[in-house]
Amino acid sequence: MEYSIETHDLTKKFALQKGFTDSLRHPFRKDEITAVEKVNITIGKGELFGILGPNGAGKTTLIKMLCTLILPTEGTAYVNGYNIAGDSGKVRESIGFITTDERSFYWRLTGRQNLIFFASLHNFYSYDAQKRVDELLNIVGLINRANDKFLSYSAGMKQRMAIARGLLNNPEVVFMDEPTKGLDPGAAQNLRGFIKERIVKEQGKTVFLSTHHLGEAEQLCGRIAIIDEGELRVIGSPEELKSTLDKPNPTLDDVFLHYTGKEFKEEEASKHPYSERKRMMREGRRGMMRGGRIGGIGF
Amino acid sequence: MIFKKAFSFIIRDFVLQTSYKFEFFLRLFFMFFSILTFYFIAKLIGGAGLQYLEPYGGDYFSFVLIGIAFSGYLTTAMRGFSESIRGEQMMGTLEAMLVTPTNTSTIITLSSLWSFIFTSFRVLIYLLIGAFLLGVDMSNANLFAAMVILILTIICFSSIGIISASFIMILKRGDPINMLFMSTSELFGGVLFPIAVLPGWLQNVSHILPITYSLSGMRHALLQGYSLHALAPDIIALAVFTVVLVPLGLLAFKYAVKKARVDGTLVQY
């Protein structure tokens, strides 16, 4: 079978920032934290694959490695058959990355100006860019507001803009990092429908989606991986995962609890990653994390 | 293709810049203040220090006008690249740009293009005001030679700017190259006064700074119309700096990007 994404023992360790006194006392000691450890996944073409895990489990690090923003420490991975370390340019040509960060647009440009600019980074210019941008604005239903400044858009519209941008280069694989974060239930439901029907079923794209929403994972994904403390705990379809539990009518919450030993708290999981990172770095400096796992950092 | 891409960056930055209309207007308006300040200082100085200014035509205002106008390229190069990285990191747009097929060095280089265009516009305004309103004599200017010096200056300063940006990529703040060049260039580079005023041992510092040759060449070309042959010492010095600094800048940036990707800090600020 041909895979869209393949990882082989993919591992990422980050050097821990040392405090001033630690640097003086142990100048040659190398402190590391493991964000992702020996992850092996294969994802077929046209699959909608979800990755679930508590905050700091390693989901974002894994996505960023696959998008070539972070280099792995060990192991290899292929996206559309291209090595993420050796053929990073080819990987980026064939992927789309949809982030929830609304700051990733220029707020004082219009929606259209934003997309035309990002289209040029995908080597679409002039007429080609205009045509592609109009096509996508139609698809995400923003054509009538295309000439308004991005700052005037609602959260849902900003999210649709992020989707349009992620599809500019007509990618074969689309990475989505919490695509419905910050949306009201109605808008989130619409977006889920859009992802499943338009992106996966109609266009046949492979979607790698990270989410903090168990219901969303269950509704959307053909297969789910649960990751915790950098390690992949289990992979399977929602039904397969539930069937592994010796319990009547298990839910995905039960599966999560079983494999991670942690209650799933959506609010906790949606906290801003940098606040967690700062906390962990502080603790690291106090020597609490030497050689340990991240367990709480969202990189 | 690169020109089309460059054009997209220029359009983006032009629209962003002009969306802050008041700031744009203020920047233009306060340009006149610094020119007038030096005009009156020059009036006060009169013929004093003539022996130092003789090689440049003898007029302090003409001397300093070229100095403040063209030293703007150094400021732009030192700040343009690093601020474009930092600006995109802080706006949150860098990550979205880095997952496209356009490579990081192209993104950083093109992101600073607008700053160079704005600086060139400012230089032009300085020179026009100087020539038409404040009596700076550029009737003998050798414009071709000035362009040669300008191109070498921009390449050379940009290379230093890229080295500076490499430090920003890793350190995020506190870039030593910027601090070193900005503080030394104004004092030793001949921006506000001829380096001949400095004691001999301090002039040695001037001779290792590219801005010294850039400003000297530009003054001789614009104020006295020196030929390319007569400008050879300055051109050769700038060419040597360029040959050394361009590969050094590219290597430093390549290393910085790789390190940031290993550390996972590419988009942090």
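Entry 1: The contact includes B:Y213 and B:G217 of α11(B) and B:L238 and B:F241 of α12(B), where two residues are in contact if their C-beta atoms, placed from the backbone, lie within 7 Å. I noted that the residues of this contact divide into six nonpolar, three polar and one charged (Ala, Val, Leu, Ile, Met, Phe, Trp, Tyr, Cys and Pro count as nonpolar, Asp, Glu, Lys and Arg as charged, and the others as polar).

**Entry 2: the source.** I am reading a predicted model, in which local features need pLDDT of at least 70 and side-chain atom pairs count only at pLDDT 80 or more, while totals for chains, interfaces and linings use all residues. Residues are numbered from 1 along each chain, and chains are lettered from A and ligands numbered from 1 in the order written.

**Entry 3: α11 itself.** I checked burial and found 14 of the 14 residues of α11(B) buried, so this helix is largely enclosed by the rest of the structure; buried means that 20 or more other C-beta atoms lie within 10 Å of a residue's own. After α11(B) comes B:G225, whose phi is positive, near 65 degrees.

**Entry 4: the whole chain.** I looked up chain B and found 12 helices and zero strands (DSSP runs of at least four residues for helices, H or I, and at least two for strands, E). Of its 269 residues, 41% count as buried.

Methods. A residue is buried if 20 or more other C-beta atoms lie within 10 Å of its own, exposed if 12 or fewer, and partly exposed in between; C-beta atoms are placed from the backbone.
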